[in-house]
Amino acid sequence: MNLRKRIEESGRIKSDLFQKDFLLTWEKSEKDLRLILEVAGILKEMREQNISSKVFDSGLAVSVFRDKSTRTRFSYASAANLLGLAVQDMDEQKSQIAHGETVRETANMISFLSDFIGIRDDIFLGEGNKYMREVGQALDEGYEKGVLPSRPGIVNLQCDMDHPTQSMADLLHLKNHFGSLDKLQGKKIVMSWAYSPSYGKPLSVPQGIIALMSRFGMNIELAYPEGYGLIPEIIELTKINTIKSGGTFSVSHSMEESVIDADIVYPKSWAPYHIMQQRTKLLKTADKNGLAELEKTCLTQNAHFKHWEYNNQKMRLTKNQDALYMHCMPADISGVSCKEGEVSADVFEKYRILTYREAGYKPYIIAAMMLGNMFEDPGKILTGILNRNIKRVGI
Amino acid sequence: MNLRKRIEESGRIKSDLFQKDFLLTWEKSEKDLRLILEVAGILKEMREQNISSKVFDSGLAVSVFRDKSTRTRFSYASAANLLGLAVQDMDEQKSQIAHGETVRETANMISFLSDFIGIRDDIFLGEGNKYMREVGQALDEGYEKGVLPSRPGIVNLQCDMDHPTQSMADLLHLKNHFGSLDKLQGKKIVMSWAYSPSYGKPLSVPQGIIALMSRFGMNIELAYPEGYGLIPEIIELTKINTIKSGGTFSVSHSMEESVIDADIVYPKSWAPYHIMQQRTKLLKTADKNGLAELEKTCLTQNAHFKHWEYNNQKMRLTKNQDALYMHCMPADISGVSCKEGEVSADVFEKYRILTYREAGYKPYIIAAMMLGNMFEDPGKILTGILNRNIKRVGI
Amino acid sequence: MNLRKRIEESGRIKSDLFQKDFLLTWEKSEKDLRLILEVAGILKEMREQNISSKVFDSGLAVSVFRDKSTRTRFSYASAANLLGLAVQDMDEQKSQIAHGETVRETANMISFLSDFIGIRDDIFLGEGNKYMREVGQALDEGYEKGVLPSRPGIVNLQCDMDHPTQSMADLLHLKNHFGSLDKLQGKKIVMSWAYSPSYGKPLSVPQGIIALMSRFGMNIELAYPEGYGLIPEIIELTKINTIKSGGTFSVSHSMEESVIDADIVYPKSWAPYHIMQQRTKLLKTADKNGLAELEKTCLTQNAHFKHWEYNNQKMRLTKNQDALYMHCMPADISGVSCKEGEVSADVFEKYRILTYREAGYKPYIIAAMMLGNMFEDPGKILTGILNRNIKRVGI
């Protein structure tokens, strides 16, 4: 389908993205999500056709990374640049920016000429998403009181609950891989815990995946060793989603059993919910001994589950012995990036390029979120981009 | 007044900003300062009307922060971006860039394609402003000898003597709050020391405030506990300013007495001048024990002045019990950001949004300084911006 | 010569730069090198004439600095900005990005919307250039497999073998200083080791200089204390170059003797090849004691050669007592940046401004490398820039 037609069709999707933050996929309507996928696809196509999609002549996209990041950092920077914004990092390093009063102030101080604030805050359970909302409320106040010329949009670049730029990129990958969103109906996706020699990995990816994929009629199987559960509320909403969308939801405590006849397998380590709760408490009180003790306990505990590796033997159990392997990267690959990990080297290698493709959607997803927030009628702005026809490279 | 008219009127101000560094407000004529306020206001209005004020198609604005900064960093980045420049940080961290030969060299090395260098150097008394001048001389030489295609302008982002982007933003805030610069005539502003649990805060804000506000006919009252004086030369020039402008200057050693009938109160902690002198010596010799000793002495000394908190009781003494509260942020707020601080929580809360508004002028002040430095006739360039009429956001 | 004519003439140089990485000057044809010099000169002239040479409406130039850098960092940022790209730093700090699998992955992850990757990796002998090629292969794969919309070009910002942006800037300096590339024929250039109180300086500058200058008919004299040799293969190719270009190559173990009748002297410290080999091994095993031991041995060894300082007495032996002094900066200047160093203060001062001029070519060299990589016909794009005639500054 040509670009103009795609834009026309996307224009028919009536969404509610305008001037709204993107904090959790489950706060967004299905139309919102569909529009973001469409706009992301269109922006990607424009980039490939050397059409500049700059819609900001100037402006800042602020990034606040409260945890390390390579992929998401570059995705955010790429998205901002694609639309014409300059990235300005807010480096909290050692500046001891606390919650409460200071969030209110800082949020405004960095926003006088900013259009977006992208935030990663995924370490403290019960905190990350809350923090983003505090920032949002501060920005609301600043805008209402005339301090800010406009209300910058917030993009959740991973919190304690969700990782929407990841899950939406994953959804776009699935849509393109299987041909359409409709074709996802009835597909079995296994979101499985997997062994990793590290500890304390956030829950946001598995939670984000099951909460999102369950809205498109997929059969979700969540597999993890007993004791490695996710936030209960998110399990509940996933169940409700599957009922509404005509999918199913089940929990398994065996990776082997879970992957039988799977269309998609997403093997990824995470820390158990109750451990993250303890860890958050210890982190807050800066209890070093407690943290060291907890890490030791957890690693010992994890070591019981080294057989939770996704490998050839398990792949052979999947649909056509060829379920689509997914990962948010970087994966812990046995014998490559660690001794024993989430996935065997041969299986990873088979799907390696596909994981790159998966990751490659994220910049466009973020750009689409920005476009949806900034323009009431994204279709109109995309048509404008097409009509003015400025080359991205060249004269 | 509409934008075109404002630009026309500002065009009548004959200034001497062209190709001059902005290092100290007291080196600038009143016309220079008035023009910067006007241009800043016009740029702010343009931003609010979605008019792009980009006047650089490419170019770099270098930043050199020799001390931590959030507000000024974002203001500088915002100003640069507003005009079309990309920010490039010069990170001296661990690179041990010394004074003398190396300043000369480095100044040129970072300037081959740069249009501005913004510098914060506020820790060593007697050094920061001197350093900026060394950089300036090196740039002069590089430009004269044909090494640099143009002479980058320097913007003082805070030194040991002055904080001109802060004081000018504060002045614009006062101008807008009270209606005009003329209405500042006869207004009483109290620049008061206030208690803070930290030590070693620079003198540049109180010095910058009294030296600037004294030029517009204000009645300046400088209040501090005995022993907490500022650089004597700046006190002297403040006195001269008030005589010329028809204002007054007085010193008080009681916060209570000073704020009586005040129109404006600016309560802010700083380290005593003679302590900063000692501290500079100790910092230079990296005398850790000496510094620890000095800090201890100072904090003990400060603790005698915990009653130097601006609170309701003091506010009730001011004009209409409602003097405008000002602060360069972040303020030490009692019971919020510290146990006992510069200002009580209720008073701060009353003026909180106004302090945000105050801070929001800084990006435009910096952009105006840049525009004044770069273009001989800022009015002409502003008219050009208006006539070409490019949207900042949208197509 | 006016710009249009210069562009026309440069258009006649048939090069092979299009879509090729720039990793080593000796992989490039003489025409490639000549074209880069021409394009760099044209871009510099355009900048001086306030002509915007932006050819990217958006796009990222990634930088990966695995070693500290000021000059090259700013040069890269300036080049990117000149052409319209935003710089995005890839900060590997603590992220332990290893070779092998992870390079493949990371290279793709940072490249989805990137146009260039500039890499400095000069610490490990036998590694830096290899690493760049690994990145290149990963990008090839990503592009071929449809993961990347285009293949980002790689610019070597210094490796263990070569420092091509430095040596090409130096060559442009020589071309302009002596009038033309042809006039370099028969000129004597002394690339001399010099004493420095530090240890472990990379070999890439001396190697890059002799390997490049030997292609333009220069008489190369490489001077160093016995035991301070360079990578043997690069010595070999330098010899072959001089034979082809009609120059000469000789090695001397006396700075005094080497500089006799020299037209150009480039005195610069480096670590001996075999020491760098040992150091690489120790660094890889993180052998702290071994490294401390090696440093001690080396510094003791270096101290025997404090008389390898380029000073007035030696300068008097050169052609007209006035050989052009060159340095990649920062130089260790005796009595200025160190007690005893590579060059005496008076000799450095005499040529100081010339060393700034030398350094000033680097941004344009990098921009020319980018232009050559991105456009099949750089002459056409330069003509396009001239014809559209957009001001860099102003309206």
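Colleague: How many residues of chain C are in contact with chain A, and how many of chain A with chain C?
Modeller: 27 residues of chain C are in contact with 31 residues of chain A, where contact means C-beta atoms, placed from the backbone, within 7 Å. Keep in mind that this is a predicted model, where local features need pLDDT of at least 70, side-chain atom pairs count only at pLDDT 80 or more, and totals for chains, interfaces and linings use all residues. Residues are numbered from 1 along each chain as its sequence is written, while chains are lettered from A and ligands numbered from 1 in the order in which they are written.

Colleague: Which elements of chain C supply at least two residues each to that side?
Modeller: Strand 2 (86–89), helix 4 (101–109) and helix 15 (378–388) of chain C. Helices (H or I, at least four residues) and strands (E, at least two) are DSSP runs, numbered from the N terminus. Helix 4 of chain C gives the largest share, six residues.

Colleague: What rotation puts chain A on chain B?
Modeller: A rotation of 120° with 0.0 Å of shift along its axis, RMSD 0.0 Å, superposed by least squares on C-alpha atoms of residues with pLDDT of at least 70 in both. That is the relation of a three-fold axis.

Colleague: Which residue of chain A comes closest to the rotation axis?
Modeller: Ala86(A), with its C-alpha at 4.5 Å.

Colleague: Why do the copies meet through different surfaces?
Modeller: Because only 4% of the interface residues of chain A are also interface residues in chain B.

Conventions
Contact = placed C-beta atoms within 7 Å.
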